[in-house]
Amino acid sequence: MFPWPALSCAPCSQEQPEEGRASIYRSVIINTSKEMMCFSDFPIPDDFPNYMHHSKIMEYFRMYARHFDLLRHIRFRTSVCRVTKRPDFAATGCWEVETESEGKQESAIFDAVLVCTGHHTDAHLPLHAFPGLDKFEGWYLHSRDYKSPQTFAEKRVIVIGTGNSGIDIAVELSHIAKQVFLSTKRGTWVMHRVAEGGYPFDFSYLSRFTQLLQSLLPLSVSNFMLERKLNMRFDHALYGLKPKHRT
(Lines give C-alpha, C1' and ligand atoms only; values in the text may rest on other atoms or scores of the structure.)
Protein backbone atom coordinates (compact mmCIF):
# COMPACT_ATOMS: atom_id res chain seq x y z
CA MET A 1 0.00 0.00 0.00
CA PHE A 2 1.35 3.41 -0.98
CA PRO A 3 -0.28 6.06 1.23
CA TRP A 4 0.76 9.41 -0.13
CA PRO A 5 -1.73 12.13 0.89
CA ALA A 6 -5.09 12.07 -0.83
CA LEU A 7 -7.05 14.98 0.53
CA SER A 8 -8.28 18.22 -0.98
CA CYS A 9 -10.98 20.73 -0.12
CA ALA A 10 -13.63 18.89 -2.12
CA PRO A 11 -12.49 15.29 -2.46
CA CYS A 12 -14.45 12.33 -3.71
CA SER A 13 -15.56 9.85 -1.05
CA GLN A 14 -17.27 7.44 -3.43
CA GLU A 15 -16.17 3.80 -3.57
CA GLN A 16 -14.61 4.27 -7.01
CA PRO A 17 -12.28 7.30 -7.34
CA GLU A 18 -13.14 9.68 -10.15
CA GLU A 19 -10.53 10.65 -12.72
CA GLY A 20 -9.09 14.09 -12.07
CA ARG A 21 -10.42 14.35 -8.51
CA ALA A 22 -8.77 13.70 -5.18
CA SER A 23 -10.11 10.72 -3.28
CA ILE A 24 -10.31 10.06 0.45
CA TYR A 25 -11.00 7.18 2.81
CA ARG A 26 -14.12 7.13 4.94
CA SER A 27 -12.41 7.93 8.24
CA VAL A 28 -10.42 10.99 7.12
CA ILE A 29 -10.16 13.66 9.81
CA ILE A 30 -8.53 16.99 9.03
CA ASN A 31 -5.07 17.68 10.47
CA THR A 32 -5.75 21.37 11.08
CA SER A 33 -7.91 22.40 14.03
CA LYS A 34 -11.13 24.27 13.41
CA GLU A 35 -9.74 27.23 15.34
CA MET A 36 -6.97 27.60 12.77
CA MET A 37 -8.79 26.69 9.56
CA CYS A 38 -12.06 28.60 9.85
CA PHE A 39 -12.83 31.75 7.89
CA SER A 40 -12.46 34.79 10.15
CA ASP A 41 -15.86 36.16 9.12
CA PHE A 42 -17.72 32.92 9.81
CA PRO A 43 -16.51 30.86 12.81
CA ILE A 44 -17.04 27.11 12.79
CA PRO A 45 -19.94 26.13 15.13
CA ASP A 46 -19.00 25.40 18.74
CA ASP A 47 -20.53 21.92 18.63
CA PHE A 48 -18.22 20.85 15.78
CA PRO A 49 -15.15 18.88 16.96
CA ASN A 50 -11.74 20.55 17.07
CA TYR A 51 -10.51 18.22 14.33
CA MET A 52 -13.35 17.59 11.94
CA HIS A 53 -14.34 14.56 9.92
CA HIS A 54 -14.37 15.35 6.19
CA SER A 55 -18.18 15.35 6.20
CA LYS A 56 -18.16 18.15 8.78
CA ILE A 57 -15.75 20.19 6.66
CA MET A 58 -18.07 19.91 3.68
CA GLU A 59 -21.00 20.85 5.90
CA TYR A 60 -19.12 23.95 7.07
CA PHE A 61 -18.30 25.01 3.49
CA ARG A 62 -21.95 24.65 2.54
CA MET A 63 -23.02 26.69 5.57
CA TYR A 64 -20.56 29.41 4.56
CA ALA A 65 -21.81 29.46 0.98
CA ARG A 66 -25.45 29.71 2.10
CA HIS A 67 -24.71 32.39 4.69
CA PHE A 68 -23.03 34.70 2.18
CA ASP A 69 -25.31 33.72 -0.72
CA LEU A 70 -22.37 32.49 -2.77
CA LEU A 71 -24.12 29.68 -4.66
CA ARG A 72 -25.62 32.08 -7.17
CA HIS A 73 -22.08 33.07 -8.17
CA ILE A 74 -20.82 29.49 -8.56
CA ARG A 75 -21.22 27.36 -11.67
CA PHE A 76 -21.07 23.62 -11.17
CA ARG A 77 -20.36 21.00 -13.87
CA THR A 78 -18.68 23.63 -16.02
CA SER A 79 -15.41 23.15 -17.88
CA VAL A 80 -12.97 26.00 -18.41
CA CYS A 81 -11.84 25.70 -22.03
CA ARG A 82 -9.56 28.69 -22.32
CA VAL A 83 -8.19 31.61 -20.31
CA THR A 84 -6.54 34.49 -22.13
CA LYS A 85 -5.45 38.03 -21.41
CA ARG A 86 -7.61 40.77 -22.88
CA PRO A 87 -6.03 43.02 -25.54
CA ASP A 88 -6.13 45.85 -23.01
CA PHE A 89 -4.68 43.69 -20.21
CA ALA A 90 -1.77 46.07 -19.58
CA ALA A 91 -4.23 48.81 -18.65
CA THR A 92 -7.14 46.84 -17.13
CA GLY A 93 -5.65 43.55 -15.96
CA CYS A 94 -8.77 41.77 -17.27
CA TRP A 95 -9.04 38.17 -18.48
CA GLU A 96 -11.34 36.47 -20.95
CA VAL A 97 -12.58 33.06 -19.83
CA GLU A 98 -14.28 30.60 -22.15
CA THR A 99 -16.40 27.88 -20.53
CA GLU A 100 -18.58 24.98 -21.60
CA SER A 101 -21.56 23.44 -19.82
CA GLU A 102 -23.98 20.89 -21.25
CA GLY A 103 -22.63 21.53 -24.74
CA LYS A 104 -23.10 25.30 -24.50
CA GLN A 105 -20.04 27.56 -24.75
CA GLU A 106 -19.85 31.00 -23.20
CA SER A 107 -17.28 33.74 -22.81
CA ALA A 108 -17.00 36.27 -19.97
CA ILE A 109 -14.60 38.97 -18.77
CA PHE A 110 -13.12 38.88 -15.26
CA ASP A 111 -10.86 41.17 -13.25
CA ALA A 112 -8.86 38.24 -11.89
CA VAL A 113 -8.43 34.49 -12.35
CA LEU A 114 -7.50 32.04 -9.60
CA VAL A 115 -6.46 28.53 -10.64
CA CYS A 116 -7.31 25.97 -7.93
CA THR A 117 -6.63 22.54 -9.40
CA GLY A 118 -5.26 20.88 -6.27
CA HIS A 119 -2.16 18.67 -6.15
CA HIS A 120 -3.51 15.35 -4.83
CA THR A 121 -5.57 14.38 -7.86
CA ASP A 122 -3.00 12.01 -9.41
CA ALA A 123 -1.62 9.01 -7.55
CA HIS A 124 2.17 8.71 -7.38
CA LEU A 125 2.91 4.98 -7.60
CA PRO A 126 6.68 4.42 -8.16
CA LEU A 127 6.52 0.69 -8.89
CA HIS A 128 10.05 0.77 -10.34
CA ALA A 129 11.35 1.36 -6.81
CA PHE A 130 10.17 -2.11 -5.76
CA PRO A 131 12.07 -4.74 -7.76
CA GLY A 132 10.42 -8.16 -7.74
CA LEU A 133 6.95 -6.72 -7.32
CA ASP A 134 5.82 -8.65 -10.38
CA LYS A 135 6.40 -11.86 -8.41
CA PHE A 136 4.50 -10.65 -5.36
CA GLU A 137 1.56 -12.98 -4.72
CA GLY A 138 -0.44 -10.43 -2.72
CA TRP A 139 -1.95 -7.20 -3.97
CA TYR A 140 -1.06 -3.57 -3.65
CA LEU A 141 -2.84 -0.24 -3.99
CA HIS A 142 -2.38 3.49 -3.51
CA SER A 143 -4.06 5.26 -0.61
CA ARG A 144 -6.23 7.00 -3.21
CA ASP A 145 -7.97 3.65 -3.72
CA TYR A 146 -8.26 2.83 -0.01
CA LYS A 147 -11.71 3.36 1.51
CA SER A 148 -12.15 1.16 4.60
CA PRO A 149 -10.23 -1.52 6.53
CA GLN A 150 -12.73 -4.39 6.14
CA THR A 151 -11.01 -5.76 3.03
CA PHE A 152 -7.81 -6.28 5.02
CA ALA A 153 -9.30 -8.37 7.85
CA GLU A 154 -6.84 -11.03 9.09
CA LYS A 155 -4.23 -10.04 6.48
CA ARG A 156 -0.59 -9.04 6.89
CA VAL A 157 -0.18 -5.50 5.55
CA ILE A 158 2.75 -3.18 5.02
CA VAL A 159 2.03 0.54 4.70
CA ILE A 160 4.80 2.43 2.92
CA GLY A 161 5.26 6.05 3.94
CA THR A 162 4.79 7.92 7.21
CA GLY A 163 2.85 10.88 5.86
CA ASN A 164 -0.54 11.81 7.29
CA SER A 165 -2.40 9.24 5.19
CA GLY A 166 0.13 6.50 5.89
CA ILE A 167 -0.08 6.82 9.65
CA ASP A 168 -3.88 7.19 9.58
CA ILE A 169 -4.32 4.05 7.51
CA ALA A 170 -1.80 2.00 9.49
CA VAL A 171 -3.55 2.81 12.76
CA GLU A 172 -6.97 2.02 11.30
CA LEU A 173 -5.79 -1.29 9.83
CA SER A 174 -4.18 -2.32 13.11
CA HIS A 175 -7.65 -2.86 14.60
CA ILE A 176 -8.69 -5.43 12.02
CA ALA A 177 -5.65 -6.78 10.13
CA LYS A 178 -3.61 -9.74 11.39
CA GLN A 179 -0.43 -7.68 11.42
CA VAL A 180 0.54 -4.22 10.18
CA PHE A 181 4.02 -2.90 9.36
CA LEU A 182 4.74 0.79 8.82
CA SER A 183 7.71 1.41 6.54
CA THR A 184 9.59 4.71 6.54
CA LYS A 185 12.56 5.66 4.39
CA ARG A 186 14.09 8.23 6.73
CA GLY A 187 11.89 8.48 9.81
CA THR A 188 9.64 11.31 10.82
CA TRP A 189 8.73 13.56 13.72
CA VAL A 190 5.20 12.70 14.82
CA MET A 191 3.18 15.71 15.95
CA HIS A 192 0.01 14.86 17.83
CA ARG A 193 -3.21 16.74 17.31
CA VAL A 194 -3.69 17.41 21.02
CA ALA A 195 -1.22 19.43 23.11
CA GLU A 196 -0.96 20.21 26.82
CA GLY A 197 -4.25 20.89 28.56
CA GLY A 198 -6.22 19.28 25.73
CA TYR A 199 -5.82 22.23 23.37
CA PRO A 200 -5.19 21.64 19.65
CA PHE A 201 -1.47 21.42 18.92
CA ASP A 202 -1.47 23.96 16.09
CA PHE A 203 -3.61 26.37 18.10
CA SER A 204 -1.10 26.18 20.96
CA TYR A 205 2.11 26.15 18.94
CA LEU A 206 1.36 28.63 16.15
CA SER A 207 1.02 31.74 18.29
CA ARG A 208 2.59 35.19 18.12
CA PHE A 209 4.66 34.33 21.20
CA THR A 210 6.14 31.13 19.75
CA GLN A 211 6.83 32.84 16.43
CA LEU A 212 8.64 35.66 18.26
CA LEU A 213 10.58 33.12 20.30
CA GLN A 214 11.65 31.28 17.16
CA SER A 215 12.85 34.50 15.56
CA LEU A 216 15.00 35.32 18.61
CA LEU A 217 16.45 31.88 19.31
CA PRO A 218 19.01 30.04 17.14
CA LEU A 219 17.39 27.40 14.95
CA SER A 220 19.25 24.60 16.74
CA VAL A 221 17.75 25.70 20.07
CA SER A 222 14.22 25.87 18.63
CA ASN A 223 14.64 22.41 17.14
CA PHE A 224 15.92 21.03 20.44
CA MET A 225 12.95 22.42 22.37
CA LEU A 226 10.36 21.05 19.94
CA GLU A 227 12.06 17.67 19.61
CA ARG A 228 12.23 17.37 23.40
CA LYS A 229 8.51 18.10 23.59
CA LEU A 230 7.70 15.50 20.92
CA ASN A 231 9.88 12.87 22.58
CA MET A 232 8.02 13.38 25.85
CA ARG A 233 5.01 11.72 24.18
CA PHE A 234 7.15 8.80 23.01
CA ASP A 235 10.83 8.28 22.28
CA HIS A 236 11.15 8.42 18.49
CA ALA A 237 14.52 6.62 18.58
CA LEU A 238 13.04 3.77 20.62
CA TYR A 239 10.46 3.11 17.88
CA GLY A 240 12.88 3.57 14.99
CA LEU A 241 11.21 6.78 13.88
CA LYS A 242 13.84 9.37 14.72
CA PRO A 243 14.90 11.02 11.45
CA LYS A 244 18.27 12.60 10.68
CA HIS A 245 16.62 15.91 9.82
CA ARG A 246 15.60 18.35 12.55
CA THR A 247 12.07 19.51 13.24
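Predicted model: local features only at pLDDT ≥ 70, side-chain atom pairs only at ≥ 80, totals over all residues.
Close-up 1. Arg 72 counts as exposed because its relative accessible area is 61%; exposed means over 50%, buried under 20%, and partly exposed in between, with a 1.4 Å probe and protein chains only. At 40%, Asp 69 is partly exposed.

Residues are numbered from 1 along each chain as its sequence is written, and side-chain values use heavy atoms, with hydrogens and water left out.

**Close-up 2. Glu 106 and Arg 75 form a salt bridge.** Here the closest N and O atoms are 2.7 Å apart. Glu 106 sits in strand E3 and Arg 75 in the loop between helix H2 (54–67) and E1, so this pair ties together parts 31 residues apart in sequence. Helices (H or I, at least four residues) and strands (E, at least two) are DSSP runs, numbered from the N terminus. Glu 106 is partly exposed at 32%, whereas Arg 75, at 55%, is exposed.

**Close-up 3. Glu 227 meets Arg 246 in a salt bridge.** The N to O distance is 2.7 Å. Glu 227 belongs to helix H7 and Arg 246 to the segment after H7, so to speak a link between distant parts of the chain, 19 residues apart. How accessible is Glu 227? Its relative accessibility is 10%, which means that Glu 227 counts as buried. Arg 246 is partly exposed, at 41%.

**Close-up 4. Tyr 146 pairs up with Tyr 25 and with Phe 152.** The structure holds 14 aromatic pairs. Rings of Phe, Tyr and Trp (its six-membered ring) pair if their centres lie within 6.5 Å; planes under 30 degrees apart are stacked, over 60 edge-to-face, and the rest tilted. Tyr 25 and Tyr 146 are edge-to-face, 5.8 Å centre to centre with 65° between the planes. This pair links distant parts of the chain, 121 residues apart: Tyr 25 is in the segment before helix H1 (34–37), and Tyr 146 is in the loop between strand E3 (104–110) and strand E4 (156–160). Tyr 146 and Phe 152 are tilted instead, at 5.8 Å and 40°. Tyr 25 and Tyr 146 are buried, and Phe 152 is buried too.

**Close-up 5. His 236 is tucked in after helix H7 (219–233).** Is His 236 buried or exposed? At 0% relative accessibility, His 236 is buried. Contact means heavy atoms within 4.5 Å. Setting aside neighbours within four places in sequence, His 236 is in contact with several residues, including Thr 188, Trp 189, Leu 230 and Lys 242.

**Close-up 6. Two charged side chains lie over ring faces.** Lys 56 lies over the face of Phe 48, 4.4 Å from the ring centre. Arg 193 does likewise with Tyr 51, at 5.8 Å. For this, NZ of Lys or CZ of Arg must be within 6 Å of the ring centre and within 35 degrees of the ring normal.

Terms used:
Salt bridge = Lys/Arg side-chain N within 4 Å of Asp/Glu carboxyl O.
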